[in-house]
Amino acid sequence: MRSSRPPPPPPPASGIGGDEGPDVVANSAMIALQRLAQDNESLQAEVRHLRDQIAVEGQEHARLIETYRLEHEEDVRKLQNGVKLATALAEENAALKNQANRRSVPGAIPGARGGGGANDDVNDIQQIEREVAILQSNVMRLDARWGRRRNDASLGIGLRQMPLWKQLRTLNVQIERLLQLVPKSAAAKTKESRASDSRMQYNLTELSAPVTEYAILTSLQERFVQGDFYTLLGPHLVSVNPFSELGADCPTLRSYRAHNAYVDALARDVVFRAKESSQSQTIILSGESGSGKTYGCHSLVRALLQLLGGARNADTLKVISASLSLLSSLSCAWTETNSNSSRAGQFIELTFEDSVVLPQCHWYYIDQARIVHRSIRERNFHIFYQMLAGLTDDEKSQYHLNGYTVGNLRYLQCDGIQMDEAAERERFIHFKNCMDALRIPVADVIRIMASVALLGNVYFNEKPEGITDVAAPEVLQAVSSLLGVPANLLAHGFTKKIRTFRGHTTKTACTVAEAIAARDSLAKTLYIRTVIAMLKRANSLLRKLPTASPNSRSSSKLGSPSPSSLDSAPLTPSVAVAAKSPPTFGRVGSGASPRPSLRQESSAMVPKPPPFVGILDLFGFEHCQENGLGQLCSNFCSEMIRNLYKASVFDAGYDYLRFESVNNPFEIPIDSNKPILDLLVEENGVFDVLDRESLFVKGNTESFMAKLKQNLKSNPGFVCSNGDHQNPLFGIKHYDKHIIYEPADFISDNRDVIYDDILGIFHKQNCSFKFVTHLFQQDLKSLPQQGTAPKGHQRRILPFSSSSAKDEPRKTLSQDVQDHLNFLMRVMSTSNNYFVRCLKSNATEEPDCFDSAVVAKQIRSLQMLETTQLYVSGLPHFSSFRDFATRYGCLLPQKTVNSPEVALSDCHKILQRLQDEYHLPSSSHVNWAFGTDSVFFRENVRKLLEQYRLSSRERAATLIQSHVRRRIAQSKYRFMREVELDGRRSLATRHSLDGRRLPNGESIGGLGAAAPPPIPSVPPSHYEMELVKRTCHIHGLDVDVPPPIPATRPYTVKGGMKLIFPHQRIIRQSYQSGTDRHAVFMRGERVTVVGPSPRRGYLMVDRRGITVNVPSNIMEVAPPVPSATLEGTSDL
């Protein structure tokens, strides 16, 4: 061990040039050793840090290994699924081999290969399958050892250097190459091309297990877990709402951007059926409240517009998207069962003719009472909360909303519902953008919405002398300022009433209840008429779009109450049979048809209106803790849709089977809801008693309940009230459940009126707000001519052009609902109907949660089990012999005459060919049956027929396209050949003229002509040299040196216009260059001129990097290319 030595003494102070002794050297060495020791400690610390880092990396490495092990197990499961898929592919290839063997027999389908070619293909496929199976086993062995670690950063470098990894990659490449070499037969290609078709997708009629409610529920749940929310049910569609769109920016088409194959397939089938049969088609969405009907409606609208017109309908899609977005804010509200419940029904009608789409949108309100009163657990319409969250402080001051929140505005109060202000603000911005797209004044609409929100805070006090006065004059002043009317007139309209009885007009003071009713009626009228004006604006824009030509502006189907007659029998039963009168197609029995009358013949000459595609989204079944008139009307709509579904799917086929004297092999008993409909709409029913009580001036709830009990006490669907006199109740046994209704507000909500003494306030003489005056324009015109003095007449809140000024309104809200529904049902009876059965996955709107109990209850109420059994075992489809032979005649080996005599034999031949092709059971009566004039068949037969027909049409289309393309190619080749021959003849003529001279001794000047002699450098002698020298001196030129050739101009002049090189020109006639035989310019081709040519009358044209001389007289200046940047249409 080294002994410690005392530190050396400090060196003596010496001059710079002094000598250094041994002590100084020792001291320097000691300092160096100390520095080395410090460096050593630093290195040791760094080594310890590296060891710790290595330990951490080891732990991370162990974690990665565990992760790799879990991923490897997942890969093993995927490979096992791959083995199952390979087995299925082997079975499919065996089926293809059998089909190829059958096609080698004479008399097979035209166009199919026969003989050894098909067998050779099958042998090749089997050989490649064996090689693929060997390679896949090697891949599984290697994958089990190393795993798939292509993207790992820490182990990927070393793993990719291993031989087995390289072998694994090589085997994967070989597998992909071999799979690409597998030959595909015509049937396999057809199946691949139709993989996205709705009939090739999953259908509940293809359940492997017995058809039970549990099997349907399990199938829907498995698809829900896999992310498939759409499932086919025969020709109809089943949709399960996953509630995964709740986080979208706004409930508009923007959040429905992703296309679904099932929705697109349904839209494609509907459009093709409408074009082929010239019969209108309707898609009807049904389900409970919250099942996603609005989502499905928006998705179908987008799919239909893109299918019908694509880019040509961009403006139409923009307007409809904006309209639906506005409707989502103006007609949707938060209810107890749905956070985005639509309180308005809609029917979107798309009429198309010659690739021109004319849309029409129809809306039906039933819940305008929500504006003024509702359950405390529900909210008003979305627009009010969006407006409060989206307005800035300055805008709130402008609209007198400073200091107001949801809690202190009476019309907007709600209990226990949290509002996401950021989301509501974003939706309000989108709402204003939609109004701008529809050219609606945003400030005027917000002004009316703010006045409606403030009207709820206008209170009244009753003084001892019986006079009612306004208790909040500052709020009344704000409302009158927003509406542009004097505050005293508005207060007078609320607190005074004018009534006319037997020609005498009286003016009395209102009670507090009457003043509140007048205030609420004004709020409802302002809101409803503003919404109707906005939707009318949308329809007006749709009619003025450039895509709708004047010839195609046919009237809306809902505008004509007389439905057109049915066309040929569709494959899906029509609703016409619902009237218990079986339709006749063609000749019935053996009797001759009577001669048509002159009126019938003249009406047959009238051109048939073009077909339309409609989307009907009505109110869903609703059950809340407090059920009012809105819920009763909504449930009545659901009952009507249920009855329509039963008539379309079940009754139509059953009645026509009996009419055709065909034994029905499978008839399912279906419960009818007609007793409930009779309970509601028949004489002395609920609506009839309600209407009579509403039109009676002194009608009240007690009298209404007494008449209900008297008329319906013996009806089993009616439940008597168990409540007291202050809170009477009654119940109805609907198809889904028993619902108890509270009729306290039935009378006032059903009347739906406002008195003209309030409307008179908004006459243009008193009101400075023109938008409000426009809302009441029709009612103000019907006021008495002597001034604007009102007479106390009632006006409907929902405006009707046919309303009379003198008579009391005869219609009520319930009558409007019944009239609209009856008219819609008549329209549905003339169209072919498709149903979208919407289900909600749970009752709490939890995203991606499947509640089996909730879904099973909806399956039972929507009759999905009975429908599946019908399409699996029954004969739901029918068509006349002639229509059947016409549609599927392409399946016959040769074309036949389409006459009634041979139509039946053609049907037998078509079905026999189908049975031989797909090996259907020999007992044909199970799959189809023949009546007197029609053929009935099952769902699987219909799918096979459509698939076979589609493949035949695709083969025919391919053959036609090949012939057309051949003719086009031949024509192009002949033209190119003629151009080339003309060029050769011109070149030979010019070569033959080279060297020849004219009689005067001048050269002709072909391609081989000698160049002209050079200009002499010395000027001729006859010029005056002094003048030449003086001119050259002035311009700075040398007499003995010729002047330089001027530089080529960077432009040329054409028609007085200066054209800078390079520029674009168009070839006016075909031309081939004489020097380059491959440089051929076609007529109409756009070329680039890069500069002048040394040849006179020519220009240099760029041709794929090579410059070619082209005569300037065969080219013309190209017009400027329009800018490629078009104004994009915002996806609303």
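Which residue forms a salt bridge with D520? The legends below take up this pair after an overview of the chain, which is shown as a predicted model.

**Figure 1. Overview of the predicted protein chain.** The protein chain has 1132 residues, of which 44% count as buried, and its secondary structure comprises 33 helices and 30 strands. Where contacts link residues at least 6 apart in sequence, 70% of them join residues at least 24 apart. The chain exposes about 60,500 Å², and carbon and sulfur atoms supply 54% of that area. The count of salt bridges in the model comes to 29, and several of these are examined in the views that follow.

**Figure 2. Salt bridge between D520 and R519.** The partner of D520 is R519, and the closest N and O atoms of this salt bridge lie 3.1 Å apart. Both residues of the pair, D520 and R519, are buried.

Figure 3. Through salt bridges that share partners, D367 and R370 are joined with R343, E378 and E622 into one network.

**Figure 4. Salt bridge between R949 and E276.** The closest N and O atoms of the salt bridge that R949 forms with E276 are 3.5 Å apart. Because R949 belongs to helix α32 (residues 939-992) whereas E276 belongs to helix α7 (residues 261-277), the pair ties together parts that are 673 residues apart in sequence. The two partners also fall into separate accessibility classes: R949, with a relative accessible area of 9%, is buried, while E276, at 40% relative accessibility, counts as partly exposed.

**Figure 5. Nonpolar surface patch formed by M30, L33 and L36.** On the surface of the model, M30, L33 and L36 form a nonpolar patch whose accessible area is about 290 Å² when the three residues are taken together. M30 is placed in helix α1, which covers residues 22-103. With a relative accessible area of 43%, M30 is partly exposed, since residues count as exposed only over 50% and as buried only under 20%.

Technical notes. Residues numbered from 1 in each chain as written. Predicted model: local features only at pLDDT ≥ 70, side-chain atom pairs only at ≥ 80, totals over all residues. Heavy atoms only, no water. Helix = DSSP H or I, 4+ residues; strand = E, 2+ residues; numbered from the N terminus. Buried < 20%, exposed > 50% of the residue type's maximum accessible area, 1.4 Å probe, protein only. Contact = heavy atoms within 4.5 Å. Areas by Shrake-Rupley, 256 points an atom, 1.4 Å probe, with all protein chains shown as cover. Salt bridge = Lys/Arg side-chain N within 4 Å of Asp/Glu carboxyl O. Patch = residues over 30% accessible without salt bridge, like charges linked within 9 Å, V, L, I, M, F, W, Y side chains within 5 Å.
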